[in-house]
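Me: I'd like to go through this one label by label. For each label, tell me which value it rests on and where the cut-off sits.

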Amino acid sequence: MESSIIMLDDWTDQATKQLLQNVVERKKKYEKMKKMHLLFLWFAVFYSFGYLYVLYHTIIEPYSYSLWIMLSKFFQHSYQLYTFLIAVGLFGGVKIYHDKKEKAETEFHALRCEIIDRSKDLWRNEGWMNRHKVFQMMKDKYDINLYHESK
C-alpha cells in the first residue's frame, strides 16, 4: 500500500484506505496502457512510412508503367509480403492496446465514481469534515480528482 495512504488519519478506516489504494493502482494501470498504446502507435506509423518509402523506390517508381509488373515484383520477393504483414500486425497491436487502454480507463473511472458516490458512507461524522484533506492529497500526489465525477 502507498505510504501516503497508510499515513491517513484515524477518521479514514482500513476499507476506505484499500479502496483508495485500488483507485491508485487502476490509475497506474491506465497510465501504463496509455503509454504502451502511444509507443505502439508511433512505432507502427514510422515503420509503415519507412516501408512505404522503400516500396515506392524499389517497386512503384521503377515499374510504374504496368500494374501487373508491380504486383508480380511485389509477390516475387517474399520479404515484401512479410514486411507488409508486419506492418498490418503492428496496427493490429495498436488496436489491441487501444482496447486495453479503454478498458483500464473505464475501470479506473468507475472506481473513482464509486468513491465519489459512496463518500458519505466512507467518511462519517468528523471524517466528513476532513475528507477534503484526503481528496486534496489524492489530487496532488496521484492526480486523481475525487471532488466530482466528470473526467
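Me: What makes Lys139 count as partly exposed?

Reply: Its relative accessibility is 32%. Buried means under 20% relative accessible area, exposed over 50%, and partly exposed in between (1.4 Å probe, protein chains only). Lys139 therefore lands in the middle class. Keep in mind that this is a predicted model, where local features need pLDDT of at least 70 and side-chain atom pairs pLDDT 80 or more, while totals for chains, interfaces and linings use all residues. Numbering starts at 1 along each chain as its sequence is written, and side-chain values use heavy atoms, without hydrogens and water.

Me: Where is Lys139 found, and what is Lys139 in contact with, leaving aside neighbours within four places in sequence?

Reply: Lys139 is part of helix H6. Helices here are DSSP runs of H or I with at least four residues, strands are E runs of at least two, and both are numbered from the N terminus. Its partners beyond four places are Ile144 and Asn145, with contact meaning heavy atoms within 4.5 Å.

Me: What makes Gln80 count as buried?

Reply: Gln80 has 2% relative accessibility, so it counts as buried. This residue is in helix H4, and apart from neighbours within four places it is in contact with Tyr51, Leu55, Thr58, Ile59 and Phe74.

Me: Why are H3 and H4 called roughly perpendicular?

Reply: Two packed helices are described by the angle between their axes and the distance between the axes. The axes of H3 (residues 67-76) and H4 (residues 78-117) come within 4 Å and cross at roughly 85°. Each axis is a line fitted to C-alpha atoms over the stretch in contact, and angles run from 0 to 180 degrees between N-to-C directions. Under 35 degrees is roughly parallel, over 145 roughly antiparallel, 65 to 115 roughly perpendicular and the rest oblique. H3 and H4 are therefore roughly perpendicular. H3 contributes Phe74, Phe75 and Gln76 to the contact, and H4 contributes Ser78, Gln80, Leu81 and Phe84.

Me: By class, how many residues of each kind are in the contact of H3 with H4?

Reply: There are 4 nonpolar, 3 polar and no charged residues. For the classes, Ala, Val, Leu, Ile, Met, Phe, Trp, Tyr, Cys and Pro are nonpolar, Asp, Glu, Lys and Arg are charged, and the others, Gly among them, are polar.

Me: Which residues touch the most other members in the largest nonpolar core?

Reply: A nonpolar core is a set of buried Ala, Val, Leu, Ile, Met, Phe, Trp, Tyr and Cys residues joined through side-chain atoms within 4.5 Å. The largest has 19 residues, and Leu20, Val23, Ile115, Met138, Ile144 and Leu146 touch the most other members. Helix H2 (14-60), H4 and helix H6 (126-142) each give two or more residues, with H6 giving the most at 5. Ile144, leaving out neighbours within four places, contacts Val23, Val24, Lys27, Phe108, Arg112, Phe135, Met138 and Lys139. A second, separate core of 5 residues includes Tyr51, Leu55, Ile59 and Phe74.

Me: How do you know how the protein chain compares with a compact globule of 151 residues?

Reply: The globule would have a radius of gyration near 15 Å, but the protein chain has 25 Å. That radius is taken over C-alpha atoms, and the globule rule is 2.2 Å times the number of residues to the power 0.38. The C-alpha atoms fill a box of roughly 80 × 25 × 20 Å along the principal axes. The chain has 6 helices and 0 strands, and 35% of its residues count as buried.

Me: Why does Asp10 count as exposed?

Reply: Asp10 reaches 80% relative accessibility, so it counts as exposed. Its place is in the loop between helix H1 (3-6) and H2.
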